[in-house]
Every structure is written in C-alpha cells, then in structure tokens.
Amino acid sequence: MDITVVARNAEIHPNFRSYVEEKVSKVTQFYPRAQRIDVELTHERNPRQADTAERIELTVYGKGPIIRAEAQSSDRYAAVDIAAGKLFERLRRMRDRAKDHRRRYDVPEDVELLVDEAVAPTVEVEEPPARLQSAGDLKVGEAREEQLGDSPVIVRQKVHEAEAMSLDDALYQMELVGHPFFLFVDIETKQPCVIYHRHGWTYGVIRLNTTVQ
C-alpha cells in the first residue's frame with residue numbers, strides 16, 4: 001500500500017512522516033483492498049486561527065469506495081490522531097456493511113428523504129463575474145486552484161470519476177467521506193444528483209434536468 005504525505009504552507013519533517021505512516025498503515029486491518037492513502041497537511045498562517053491551524057485530510061483509495069476523513073487542531077500530531085479515528089470508524093462501518101448480504105444501507109425509520117427539482121436561484125449582478133478556466137483539460141484526480149479575477153476568492157476545481165449508483169448507495173458513500181453532501185449520477189434516471197444532510201436524520205436530494213432547450 002502506497003502512502004503519500006504532502007503539505008501546503010508547511011514542511012514535512014521526517015519524524016512527522018514516520019508517525020503518519022505508522023498510524024495510517026493500520027488501514028489494512030479494516031480495508032485489506034486499500035491501495036493508496038493520501039495524507040495532506042495544511043497549515044493556517046492566520047494567528048487568529050491558531051487553535052485549528054493544523055488541518056489533516058486522509059483519503060483512502062482501493063478496490064471499492066473512496067473513504068475520507070479530516071480534522072483540525074493546534075497540534076498536527078493531534079490532528080492526525082483525530083482524523084485517523086474518524087477514518088477507522090468509517091472503515092469499520094464499511095466492513096460491517098460488506099458482511100450484510102443485502103448490500104444496502106439501513107436507513108433509520110425516522111429518516112426523511114426530500115427529493116426536490118433543482119431551481120436556479122435568481123441573482124442580480126452589476127457586472128459579469130471573472131471567468132474561470134474550464135475543467136475539461138484536467139485529468140481524473142487532478143486539481144487546480146485559481147483566483148477569481150482581482151478578488152481574494154480562490155476556487156479549487158477537481159475532476160472525479162463518477163459511476164452511476166442508487167440513492168441508497170449515494171447516502172452510504174456520503175457517510176464514508178464525511179461530507180454534508182454527495183454528488184452522483186442516479187442509476188435509474190441517469191440524472192446528475194446531489195444528496196445533502198439537512199438536520200437530524202433528514203436528507204435532501206436535488207436532481208438536475210440536463211435537457212437543454
């Protein structure tokens with residue numbers, strides 16, 4: 001299993017790299033088919049954010065779904081421990097689910113799925129926004145960051161490989177990556193969809209009609 005450790009606004013010291021590699025190598029205990037783990041350390045230079053200055057993101061790739069976890073702390077070693085704990089818990093859930101021959105996500109009875117048609121919001125702008133470069137020239141897994149015109153806004157684009165899946169599988173995948181939303185292609189309707197967490201055990205689904213008039 002390959003382990004890649006990279007940093008943004010920070011340096012990777014040998015002791016820290018060894019600590020990370022030893023910690024994340026335990027992934028194979030829960031996910032034997034894991035092939036690669038990407039570890040990204042980001043240091044926030046703003047002194048007002050000292051309590052969360054060290055951010056760790058762990059991403060596991062293998063013959064199965066992508067699993068991701070992240071954490072922030074004032075200490076990068078502590079951030080690794082927190083992120084690894086989240087990651088191992090999601091891997092345990094994935095392993096337990098694999099033992100279920102029904103191969104479906106057990107949604108609690110009080111979970112409500114709200115399916116809405118996407119409605120483009122009305123936004124008034126005085127002048128056209130600066131154009132970003134198309135993501136069409138990016139390869140799968142590749143990311144690019146751009147500054148939006150003269151503003152301080154940074155937009156990060158990344159291309160992911162998408163497989164059509166059911167709503168249940170999309171909900172399961174969202175829980176694995178620990179995000180409040182998940183973009184997918186519905187296997188039945190072939191529509192691009194977003195499932196998102198609303199509140200409690202309530203989720204929403206936005207479906208896009210890609211027919212162009």
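**Exercise 1. Describe the salt bridge between Glu 54 and Arg 76, including the places of both residues in the chain.**

*Solution.* Step 1: Glu 54 and Arg 76 form a salt bridge, and their closest N and O atoms are 3.5 Å apart. A salt bridge is defined here as a side-chain nitrogen of Lys or Arg within 4 Å of a carboxyl oxygen of Asp or Glu.

Step 1: Glu 54 belongs to strand E3 and Arg 76 to helix H3, so the pair ties together parts that are 22 residues apart in sequence. Helices (H or I, at least four residues) and strands (E, at least two) are DSSP runs, numbered from the N terminus.

Step 2: Glu 54 is buried, at a relative accessible area of 7%, and Arg 76 is buried as well, at 15%. Buried means under 20% relative accessible area, exposed over 50%, and partly exposed in between (1.4 Å probe, protein chains only).

The model is predicted: local features need pLDDT of at least 70, side-chain atom pairs count only at pLDDT 80 or more, and totals for chains, interfaces and linings use all residues. Residues are numbered from 1 along each chain as its sequence is written, and side-chain values use heavy atoms, with hydrogens and water left out.

**Exercise 2. State how many salt bridges the whole structure holds, and examine the pairs Glu 40 with Arg 8 and Arg 92 with Glu 89.**

*Solution.* Step 1: The search of the whole structure finds 9 salt bridges.

Step 1: One of them joins the side chains of Glu 40 and Arg 8, at 3.5 Å from N to O. This pair links distant parts of the chain, with Glu 40 in strand E2 and Arg 8 in strand E1, 32 residues apart. Glu 40 is buried at 18% relative accessibility, while Arg 8 is partly exposed at 33%.

Step 2: Arg 92 and Glu 89 also meet through their side chains in a salt bridge of 3.5 Å, N to O. Both residues lie in helix H3, 3 residues apart, about one turn of the helix. Arg 92 is partly exposed, with a relative accessible area of 33%, and Glu 89 is partly exposed at 37%.

Step 3: A network of salt bridges links Arg 55, Glu 57, Arg 68 and Glu 70.

**Exercise 3. Locate Ser 73 and list its contacts beyond four places in sequence.**

*Solution.* Step 1: Ser 73 lies in strand E4, which covers residues 67-73. Its relative accessibility of 13% makes Ser 73 buried.

Step 1: Apart from neighbours within four places in sequence, Ser 73 is in contact (heavy atoms within 4.5 Å) with Asp 51, Thr 52, Ala 53, Glu 54, Ala 78 and Ala 79. Among these partners is Glu 54, the residue that forms a salt bridge with Arg 76.

**Exercise 4. Classify the aromatic pairs Phe 16 with Tyr 77 and Phe 182 with Phe 184.**

*Solution.* Step 1: A pair of aromatic rings is described by the distance of the centres and the angle of the planes. Rings of Phe, Tyr and Trp (its six-membered ring) pair if their centres lie within 6.5 Å; planes under 30 degrees apart count as stacked, over 60 as edge-to-face and the rest as tilted.

Step 1: The structure holds 4 aromatic pairs. In one of them, the ring centres of Phe 16 and Tyr 77 are 5.3 Å apart and the planes stand at 90°, so the pair is edge-to-face. The pair links distant parts of the chain: Phe 16 is in helix H1 (residues 14-24) and Tyr 77 in helix H3, 61 residues apart. Phe 16 is buried at 1% relative accessible area, whereas Tyr 77 is partly exposed at 31%.

Step 2: For Phe 182 and Phe 184, the centres are 6.5 Å apart and the planes are at 20°, so this pair is stacked. Phe 182 and Phe 184 are both buried.

Step 3: Phe 16, Tyr 19 and Tyr 77 form one aromatic cluster.
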